[in-house]
Amino acid sequence: MISVMGIILTGWKKPQLKDLSAIRSSSAIPVAGKYRAIDFALSNMVNSGITNVGVITQFSFRSLMDHLGSGKEWDLDRKRDGLFIFPPSMGNDDSGWYKGSADALYNNLTFLKRSDEKYVVIVQGNSVYKMDFEKMLEFHMENKADVTIAYRKMDDFTKDELSQLGIIKTDENQRVTDLQEKPLNPETNLGSMGIYFLERELLISLIEKCVAHGNYDFVKDILIRKLETMKVYGYKFEGYWRNISTVRGYYKCNMELLKPDLIYELFLREGKVYTKVKDETPAKYNQEAEVSNSIVADGCIIEGKVINSVLFRGVTVNKDVVIKDSIIMQDSVIEEGTYLEYAILDKNVRITGGKNLKGDSNWPIIIGKNGFV
Amino acid sequence: MKKEIMALLLAGGQGSRLGVLTKKIAKPAVLYGGKYRIIDFSLSNCINSGIDNVGVLTQYRPQKLNSHIGIGKPWDMDRITGGVTVLSPYMTEDAGQWYLGTANAIFHNIDYIDKVSPKYVIILSGDHIYKMDYSKMIGFHKGKQADATISVIGVPLHEACRYGIMNTDNEDRIFEFEEKPAQPKNTLASMGVYVFSWKILREYLINDDQDKASVHDFGKNIIPKMLNDGKSMWAYRFDGYWRDVGTIQSYWESNMDLVKRVPEFNLYDPDWKIYTPNPVKPAHYVAPEGRIKTSIVAEGCMIYGEVNNSVLFPGVYVSSGAVIKDSIVMSNSFIGRNSIIDKAIISESVVCGDNVKIGIGENIANEKRPDLYNCGITVIGEKASLPDNLQVGKNVVIEVGINQNNYCSFVVESGQSVLKGEECE
């Protein structure tokens, strides 16, 4: 077992996710038919042998807490270590909401101090990827780095999407020479994945100093300021990676997961992805069902046509329904004769018969949780 | 809290009429319905009826059952008091023996039951597919102040000779029990679900153990003895879906019942869920060229071919051009390109090559076991491997773990078997 503890940051408000994150943290957003975004970070940790994991939550964390429970689905209900959830708590000094990532860590410094692992990996809870943190640790040790940042050549990102990320520059030795947070005009397409590796003791001292100076952000106030004085290295990741922070990005990510190569990379090869179980019975296809290029979870009952779409657990598709290029979340019901195209239906939506709802590939229509149309 | 009721689940039988399906596992561990094992139905019925204290008695090849049940987590039976306990035969100071019969199995666990000291025990079999609220039956037992209550189901008169038949008066009090009668007087068949008042059953079990002539079986010894003694015994009528799935044909038919538009047996009922350990697999994928109709498909499947009127368990891969019809394909099996599978049961982790055809030719019963394989269904054992271009007829059995070298020819005619260590002519 490797001596690494994990911290998952579940992010700040994501106004660009609109209705999808109104009721939940972006880390709790449902993806790929049965998962929530945070399953990927958690499963990567467990698959890399990390069993001491803290999840720091801030906004709308109820559904996230419900999803994580005791951590048993990830084998993290342990006597030693396991899963710890840290929602913000109101202290005597009226602190409360975390003012930034460093402040969030500062408020939970006891967790860091009480742990005895040598290293900490800090990751984001809203990213979809499969990564072996052990390899990143090897890289970190080989370079005797103070901090290692995972980055990826974001060839498949538009300029707009790039400017939502931290953009880095590296020298020929993979040392990070520049890091810009969400630049309007990104100078490279090397995007930070928000994954940081460093020694636990170093993290504690950096956080303490940062907060003592009245600063609160791990990237802006620590990493960027210390690029010259600390040895910060970039670890190049070659696999698939998406972070979910906009509706468009969310839609795109789900549609990309209809590619079998990606299904293999993320779910079937080198480590499984764990999630909360629902005890649904397998999906049932009736005589009229016509499903192609789609992923379908347990508990669905299908009598209509489904093309290029993602159906979550327990979705009912009645006769003469056409669902195209859409994402239908858990327990939604689409009644007879309805046509859906470029639509995202949140959980438990009911679309009554004969409706015609059509969005655009860049602007899918969203029906909020428990919606009735 | 003292438990009023505990359940004892008999899961030691082989189910030998299921042939190659129960070669390596006990009948209650056989997969069913795209996700479950047969025992899941009784276990889920228990927890859904509010019974959280269950002893599972195992004997024949219990490994799969042991790991399946574990500490009972999927059924919410990982409890501080009660919960599920696997009871296997054990050694004592002077001797040790296998369970000699259903009653003997319970007899050997009297200590276990006494520790809980329930007022009633319900004896179940892990062999059947049904959803039943046992708490109603126990209510009936209490209402009648019965010593024993046996749940019964109406069967067609011509089939009654295959069951244990209860002859009752017009208030459903049992006055006679006939095991597989040649001339049935009644159509109420025992479902193998018994409620006993523990004090009385305990006494009968101890006496039965002393009886040298007894075969220590509930149906053959305990029930007739109690009737003889004039105990208060009642038939509790059940009228839902109940299947024994004890033969290849009835097993296949019951699975096929599930794919009907509105199945008689509904697994989608949120108020009566059937629980089982969940496989860790992604939602299944249907490729642009994939086609699925009238079927049940579990998670982790990758469908590039055509699936019709079939049940697919988790992690089945159907290559492009392949056609699966009227078949059951169990977990993690692979079907190669352009293979045609017609009316077959394919066990777990089978690898079927390209251009394989199963289910062709005439319906000739299996030469070696015509009693098991005679209804046109070909059965492939666990981890068997089928080479490219293999042609397989009807009522064929391919043994567990057969590899490419075990075949004498690329044509296996209807009624033939492919067994290990057979000499080719």
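Throughout this tour, buried means under 20% relative accessible area, exposed means over 50%, and partly exposed lies in between, with a 1.4 Å probe and protein chains only. The model is predicted, so local features need pLDDT of at least 70 and side-chain atom pairs count only at pLDDT 80 or more, while totals for chains, interfaces and linings use all residues. Residues are numbered from 1 along each chain as its sequence is written, chains are lettered from A and ligands numbered from 1 in the order in which they are written, and side-chain values use heavy atoms, with hydrogens and water left out.

**Stop 1: A:Asp221**

Select A:Asp221, which lies in helix α9 (residues 218–223) of chain A; helices here are DSSP runs of H or I with at least four residues, strands are runs of E with at least two, and both are numbered from the N terminus. A:Asp221 counts as buried because its relative accessibility is 16%. Now show the polar contacts, meaning pairs of N or O atoms within 3.5 Å in which, within protein, one must be able to donate a hydrogen and the other to accept it, and in which residues adjacent in sequence count only if both atoms are side-chain atoms. The side chain of A:Asp221 reaches the backbone nitrogen of A:Tyr216 at 3.1 Å, and a polar atom of that side chain lies 2.8 Å from the backbone nitrogen of A:Asp217. Leaving aside neighbours within four places in sequence, A:Asp221 is in contact (heavy atoms within 4.5 Å) with A:Cys210, A:Asn215 and A:Tyr216.

**Stop 2**

Select residues 119–124 of chain A, strand β6, which is largely enclosed by the rest of the structure because 5 of its 6 residues are buried. Two strands are said to pair if DSSP finds at least two bridges between them. Strand β1 (residues 4–9) of chain A pairs with β6(A) in the parallel sense over 6 bridges, and A:Leu9 stands opposite A:Gln124. Strand β11 (residues 190–199) of chain A runs antiparallel to β6(A) and is joined to it by 4 bridges, with A:Glu199 as the bridge partner of A:Tyr119.

Then select helix α2 (residues 38–47) of chain A, which is likewise described as largely enclosed by the rest of the structure, since 8 of its 10 residues are buried. Among the buried residues are A:Ile38, A:Phe40, A:Leu42 and A:Met45, together with A:Asp39 and A:Asn44. Just after α2(A), A:Gly49 takes a positive phi of about 90°.

**Stop 3: where chain A meets chain B**

Show both chains and select the residues in contact across them, 43 of chain A and 38 of chain B. Between them the chains bury about 3,200 Å², 51% of it on carbon and sulfur atoms, where buried area is the accessible area (1.4 Å probe) that two parts lose on being put together, summed over both. A:Asp279, A:Lys284 and A:Tyr285 supply 21% of the area that chain A buries against chain B, more than any other three residues.

How many salt bridges are there between chain A and chain B? The count is 5, a salt bridge being a side-chain nitrogen of Lys or Arg within 4 Å of a carboxyl oxygen of Asp or Glu. To see one of them, select B:Arg261 and A:Glu303, whose closest N and O atoms are 2.6 Å apart. The largest share of the side of chain A that touches chain B comes from α11(A), with 5 residues.

**Stop 4: sheets that cross between the chains**

Select β14(A) and strand β16 (residues 295–297) of chain B, which pair in the antiparallel sense over 3 bridges; here B:Ile296 is the bridge partner of A:Lys284.

From this pair, follow the open sheet of 12 strands with mixed pairing, in the order β26(A)-β23(A)-β20(A)-β17(A)-β14(A)-β16(B)-β19(B)-β22(B)-β25(B)-β28(B)-β31(B)-β33(B). At its edges stand β26 (350–351) of chain A and β33 (417–418) of chain B, each with a single partner strand, so one side of each is left without a neighbour in the sheet. Strand β23 (residues 333–334) of chain A pairs with β26(A) in the parallel sense over 2 bridges, and A:Ile334 has A:Ile351 as its bridge partner.
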